[in-house]
Amino acid sequence: MSKMLEGKVALVTGGSRGIGAAIARALAKDGADVAISYASAKDRADAVVTDLKDLGVRAKAFQADQAKADDVGSLVAAVTSHFGRVDILVNNAGVLVLGQVHDRANNLAELDRMYDVNIRGVAAAVRAVAPLMADGGRIISIGSVVGESTPFAGAADYSATKAALLGLTRGWARDLGPKGITVNTVQPGPIDTDMNPAESGDFSDTQKAITALGRYGTADEVAAAVAFLAGPNASYITGSAITVDGGFNA
């Protein structure tokens, strides 16, 4: 039976674990060949590649530092050389740094790196991919519900990076619309990952209490939204944000 992404090539940044790995698997299940990038966790990335190949698709992991524009450009070039094309770009790699604005203990170098990865790295990937992507391509960035609200102290800088993705998404949708390339953002709420475990005490309990569904989401639930946007049934959705948050921002 034909799969809706068969013949397509997807690049998922930060695909060695958590939401990124779930997205890679979801796209592979729909028939796409998948490239993933990783910063340092080669063993995890290789394990994901094995899973993807077991689904019957071509797959390969590439090392790249998403904070470095040159690395990102080289990543896109390497993926294109290996697979011959990139039809779907999922900007998943991200960094979370918390700290209140008046806290003199804040490490500004860490904040700079977060801006480099979460904004500049995404922009570098899109700039590298867009000229190579055929008409009808898909660009999907992983934002966050905190791009639209900041429900707790210390998240201002992280919120700002995810809010920036919304503006970039809308602008890029205009830029790339003439080629039929759609550009969208998926905004997860509390998702059970290494970065934000569902059973981590008061912090996770507070997040569960805020959601309408009263629970954390799973990486697979986020991946399902990405797979939908990557497929043919989402061809008239662009410049939009799909929120997958269990009613966190309801």
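A nonpolar core is a set of buried Ala, Val, Leu, Ile, Met, Phe, Trp, Tyr and Cys residues joined through side-chain atoms within 4.5 Å, where buried means under 20% relative accessible area, exposed means over 50%, and partly exposed lies in between (1.4 Å probe, protein chains only). The model shown is predicted, so local features need pLDDT of at least 70 and side-chain atom pairs count only at pLDDT 80 or more, while totals for chains, interfaces and linings use all residues. Residues are numbered from 1 along each chain as its sequence is written, and side-chain values use heavy atoms, with hydrogens and water left out.

**View 1. The largest nonpolar core, with 38 residues.** Inside this core, the residues with the most contacts are I23, L27, V34, I36, L52 and V186. Two or more residues each come from β1 (9-12), α1 (18-29), β2 (33-38), α2 (42-54), β3 (59-63), β4 (88-91), β5 (138-142) and α7 (219-230); helices (H or I, at least four residues) and strands (E, at least two) are DSSP runs, numbered from the N terminus. Another core, of 27 residues, lies apart from this one and includes A124, I139, L165 and W172. In soluble globular proteins, nonpolar side chains tend to be buried together.

**View 2. Strand β2 and the strands that pair with it, β1 and β3.** Six of the six residues of β2 are buried, with D33, A35 and S37 covering one side and V34, I36 and Y38 the other. Two strands pair if DSSP finds at least two bridges between them; β1 and β2 run parallel and are joined by four bridges, and β2 and β3, also parallel, are joined by five. V12 has I36 of β2 as its bridge partner, whereas A35 stands opposite K60 in β3. The chain passes from β1 through α1 to β2 in a right-handed β-α-β crossover, and β2, α2 and β3 likewise make a right-handed β-α-β unit. A crossover is right-handed if, with the strands pointing away from the viewer, the path from the first strand over the helix to the second runs clockwise.

View 3. T185 is found in strand β6 and, at 1% relative accessibility, counts as buried. Leaving aside neighbours within four places in sequence, T185 is in contact (heavy atoms within 4.5 Å) with S141, G143, L165, L166, T169, S240, A241 and I242. With neighbours within four places again left aside, the contacts of V186 include I140, I142, V222, L229 and V244.

**View 4. The aromatic pair of F152 and F203.** Rings of Phe, Tyr and Trp (its six-membered ring) pair if their centres lie within 6.5 Å, and planes under 30 degrees apart count as stacked, over 60 as edge-to-face and the rest as tilted. The ring centres of F152 and F203 are 5.6 Å apart and their planes stand at 85°, so this pair is edge-to-face. F152 sits in the loop between β5 and α5 (156-176) and F203 in helix α6 (residues 202-210), 51 residues apart, so that the pair links distant parts of the chain. F152 counts as partly exposed at 29% relative accessibility, as does F203 at 39%.

**View 5. P190 in the loop between β6 (182-188) and α6.** At 3% relative accessibility, P190 counts as buried. Not counting residues up to four places away in sequence, P190 touches N196, Q207, T211, Y216, G217, D245 and F248.
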